[in-house]
Protein chains: 2
Amino acid sequence: MESNPLEEHSQGLLPWFIAATQILGLAAVIITGVWMGYYQGGFGWDGSSLEFNVHPLCMVIGMVFLYGDSILVYRVFKNESKTTVKILHAAIHLIGLVATIVGLISVFGYHSAQNIPNMYSLHSWCGIICIILFCVQWVVGLIFFLFPGMSYSLRACYRPLHVYFGLGIFILAIGTSLLGITEKLLFSISDTYSKFVAEGVLANVLGLVLVSFGSTVVYIVTRSEWKRVSSPEEEALSMHFKTLTERDSPDSPQGS
Amino acid sequence: MESNPLEEHSQGLLPWFIAATQILGLAAVIITGVWMGYYQGGFGWDGSSLEFNVHPLCMVIGMVFLYGDSILVYRVFKNESKTTVKILHAAIHLIGLVATIVGLISVFGYHSAQNIPNMYSLHSWCGIICIILFCVQWVVGLIFFLFPGMSYSLRACYRPLHVYFGLGIFILAIGTSLLGITEKLLFSISDTYSKFVAEGVLANVLGLVLVSFGSTVVYIVTRSEWKRVSSPEEEALSMHFKTLTERDSPDSPQGS
């Protein structure tokens, strides 16, 4: 590994970018909480709109904030063993999935209690695709990267797809959130939204904060200087594999 | 360059993926045309909703289809000279920008004629950010990559940012389109959308086609085996630069 002042300067920037993601991610969760808790009357589990209000909060926590943080563990814990980081990655995603399922139950429960049809909107179509892909990705990722019997060659083949779909589902989750914001505003404040009322502006700002969070996370994980450096042990395995296949190493820093 | 059966198989897949993008992109343009032309009453330039109908069609053509195709020229014309491809890239973006400006004039013209407030929705906020970033990116790209006096080191520093923002703005444009679809449906068929009427289903399908187009374009340009291979002349310049800076070459296939 070469080391020069530019490289060191670049590495020094990483913690600031990580901090920015945490500020943006927490801001998104807090703004959603304020929107639902204050402007939309609070939270409940009684089939009323208060039960619906649980949905956006759980989705922003599970499918956006925790999802983003789970991706970032490969950059935050660059010097931990790869297995530890993989387990942390899978565990954070699992906690996010629990929040997502609660959010899903709350919206279906509210629709059922109020006789509102399900699954007709673009938001619901994108959302359900997102959650199905997320579950498939989690299970396939577990089998390929944490199941001890899986060969390095299979891991190496699958890794770029895992990274592509991982970021793709994350971006789709953010896009789906923006659709949810627009739907909720047009359902609840359609008369005043165009008058720049505080609730509408706050929800729009939430949309921009979600986009900023997503863009920063994707920037961090795709910037080549910040990719994970393999340990000497991983490097040895990777070189062995490279010799066998004359292709990319299975444990390169791409982030499996 | 190594060449093995796996590599050749992978290269053989590229034209199929390119074909898929063109089918998806044209499908998006046609579905938008059918939605606005048939279900929403056609096109016009008289301040009525027919003038508004020009907006989605121009945006899907300019900010999605042509934008995607402009990115793809680096993979479609892998063997042309880099300067030719850069000029094509800038030219397609410029045609897209013209379509985008027509789309922008049509929506502001419609709002003005109907006394509808501007710029209050999340769709409009994301859209205007998208177009401003697009213009800045186009001008800065022109200065860095087509202005003859620019040094290789500056080009090399800027290239990863150009690629990151280029794909980021493209994804934001697709997200903004989805917001526009949801807005238009809730403004025009809010009473029947939940009954799965043909117009609502068609517009939802348009949303999924746009997402599929975007995902396929991003997959093609980020797949490492499909990146542009430098010509021997470019390679020589790049090696010279690498020696000077001990960093990435300025004309690596990343796609400046």
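The model is predicted: local features need pLDDT of at least 70, side-chain atom pairs count only at pLDDT 80 or more, and totals for chains, interfaces and linings use all residues. Residues are numbered from 1 along each chain as its sequence is written, and chains are lettered from A and ligands numbered from 1 in the order in which they are written.

**Exercise 1.** Describe the packing of helix 3 against helix 4 in chain A.

Solution. 
- Step 1: the axes of helix 3 (residues 54-76) and helix 4 (residues 82-114) of chain A come within 8 Å and cross at roughly 170°. Axes are lines fitted to C-alpha atoms, for helices over the stretch in contact, and angles run from 0 to 180 degrees between N-to-C directions. Helices (H or I, at least four residues) and strands (E, at least two) are DSSP runs, numbered from the N terminus.
- Step 2: this contact has 17 nonpolar, nine polar and one charged residues. Ala, Val, Leu, Ile, Met, Phe, Trp, Tyr, Cys and Pro count as nonpolar, Asp, Glu, Lys and Arg as charged, and the others, Gly among them, as polar.

**Exercise 2.** Characterise helix 3 of chain B and its contact with helix 7 of chain B.

Solution. 
- Step 1: helix 3 (residues 54-76) of chain B bends by about 30° at B:L66. The bend is the angle between axes fitted to the seven residues ending there and the seven starting there.
- Step 2: 22 of the 23 residues of helix 3 of chain B are buried (20 or more other C-beta atoms within 10 Å of a residue's own, placed from the backbone), so this helix is largely enclosed by the rest of the structure.
- Step 3: the axes of helix 3 and helix 7 (residues 198-222) of chain B come within 10 Å and cross at roughly 20°, which makes the two helices roughly parallel.
- Step 4: among the residues of helix 3 of chain B that meet helix 7 of chain B are B:V64 and B:L72, and helix 7 contributes residues including B:F213. The contact divides into nine nonpolar, one polar and one charged residues.

**Exercise 3.** Which helices of chain A supply the side that touches chain B?

Solution. 
- Step 1: 32 residues of chain A are in contact (C-beta atoms, placed from the backbone, within 7 Å) with 32 residues of chain B.
- Step 2: helix 5 (122-146), helix 6 (152-188) and helix 7 (198-222) of chain A each supply at least two residues.
- Step 3: helix 6 of chain A gives the most, with eleven residues.

Technical notes
A residue is buried if 20 or more other C-beta atoms lie within 10 Å of its own, exposed if 12 or fewer, and partly exposed in between; C-beta atoms are placed from the backbone. Two residues are in contact if their C-beta atoms, placed from the backbone, lie within 7 Å. Angles under 35 degrees count as roughly parallel, over 145 as roughly antiparallel, 65 to 115 as roughly perpendicular and the rest as oblique.
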